[in-house]
Amino acid sequence: EKVEYDGFWSSSLTDSTLKGKPDIEVLDIRERLKNINDIFDVTSKPLIMDIDTGGQIEHLKLNVKSVERLGISAIIMEDKTGLKRNSLLGTNILQFQEDINLFCEKIKVAKLNQINKEFMLIARIESLILRKGMRDAITRAKAYIGAGADGIMIHSRKKNPKEIFEFSNK
């Protein structure tokens, strides 16, 4: 039986692993875009690119245009700062969440520099991963939508989906 998907997700984890490197934003955007270009050689389906923290605002301005020109449908950017580490490590390692106002500024910059109105930016909230609680996650979601995010992804390490459903309901 043939299995077909509606779209693709390109993550820094898979791109880093492919090159034998840690998932710490070590790959340059051009290296990641080469991998995606290879995917587009065999499909025209929509692709969401995980851009980790989005990097420096000055770089984000240019990278959004590069990503979009290649034909990527959406980017997803997580609200962490400092040395980016895989979220599934949770609080087992020291990780920091970006200041809400600074992350909102990144969202605004990305949206201002997009070319096509249909291109989307999805803000990924790490509050539950970092044990900051539901209130922090909701506060951030409202701020990120207000800054122009087209969607929200809430992230959790729990095997039970209860907190995801709670977030969605709120």
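Helices (H or I, at least four residues) and strands (E, at least two) are DSSP runs, numbered from the N terminus. By this scheme, Arg 131 is placed in the loop between strand S6 (120-125) and helix H5 (134-147). The model is predicted, and local features need pLDDT of at least 70, side-chain atom pairs count only at pLDDT 80 or more, and totals for chains, interfaces and linings use all residues. Residues are numbered from 1 along each chain as its sequence is written, and side-chain values use heavy atoms, with hydrogens and water left out.

Most residues other than glycine have a negative phi, and most peptide bonds are trans. Arg 131 is not a glycine, yet its phi is positive, at about 60 degrees. Arg 131 is exposed because its relative accessible area is 65%; buried means under 20% relative accessible area, exposed over 50%, and partly exposed in between (1.4 Å probe, protein chains only). Glu 25 likewise is a residue other than glycine with a positive phi, near 60 degrees. Glu 25 sits in the loop between helix H1 (12-18) and helix H2 (29-40). With a relative accessible area of 30%, Glu 25 is partly exposed.

The packing of helices was considered next. Two packed helices are described by the angle between their axes and the distance between the axes. Here axes are lines fitted to C-alpha atoms, for helices over the stretch in contact, and angles run from 0 to 180 degrees between N-to-C directions. The axes of helix H3 (residues 57-70) and helix H4 (residues 100-112) cross at roughly 30 degrees and come within 8 Å. H3 is therefore roughly parallel to H4; angles under 35 degrees count as roughly parallel, over 145 as roughly antiparallel, 65 to 115 as roughly perpendicular and the rest as oblique. The crossing of H3 and H4 is right-handed. A crossing is left-handed if the near helix is turned anticlockwise from the far one by less than a right angle, and right-handed if clockwise. On the H3 side, Ile 57, Leu 60, Lys 61 and Val 64 meet Glu 105, Lys 106, Val 109 and Ala 110 of H4, where contact means heavy atoms within 4.5 Å. Sorted by class, the contact of H3 with H4 has five nonpolar, no polar and three charged residues. In this sorting, Ala, Val, Leu, Ile, Met, Phe, Trp, Tyr, Cys and Pro count as nonpolar, Asp, Glu, Lys and Arg as charged, and the others, Gly among them, as polar.

H4 also packs against H5, at an angle of about 30 degrees and with the axes 9 Å apart. H4 is thus roughly parallel to H5, and H4 passes H5 in a right-handed crossing. H4 contributes Ile 100, Phe 103, Cys 104, Ile 107 and Lys 108 to the contact, and H5 contributes Thr 139, Arg 140, Ala 143, Tyr 144 and Ala 147. The classes in the contact of H4 with H5 are seven nonpolar, one polar and two charged residues.

H5 has a further partner in helix H6 (residues 162-169), where the axes come within 10 Å and cross at roughly 45 degrees. H5 and H6 are therefore oblique to each other, and H5 passes H6 in a right-handed crossing. The contact is formed by Met 134, Ala 137, Ile 138 and Ala 141 of H5 with Glu 163, Glu 166 and Phe 167 of H6. Five nonpolar, no polar and two charged residues make up the contact of H5 with H6. Within H5, Ala 141 counts as buried at 11% relative accessibility. Not counting residues up to four places away in sequence, Ala 141 touches Ile 125, Ile 152 and Phe 167.

Polar side chains in buried positions were also examined. Asp 15, in helix H1, is buried, with a relative accessible area of 6%. The side chains of Asp 15 and Asn 35 are joined by a polar contact of 3.0 Å. A polar contact is a pair of N or O atoms within 3.5 Å; within protein, one must be able to donate a hydrogen and the other to accept it, and residues adjacent in sequence count only if both atoms are side-chain atoms. The C-alpha atoms of Asp 15 and Asn 35 are separated by 7.4 Å, and the two residues are 20 residues apart along the chain. Lys 80 lies in strand S4 (residues 80-81) and counts as buried at 3% relative accessibility. Its side chain makes a polar contact of 2.6 Å with that of Gln 95. Gln 95 is in the loop between S4 and strand S5 (96-97) and, at 11% relative accessibility, counts as buried.
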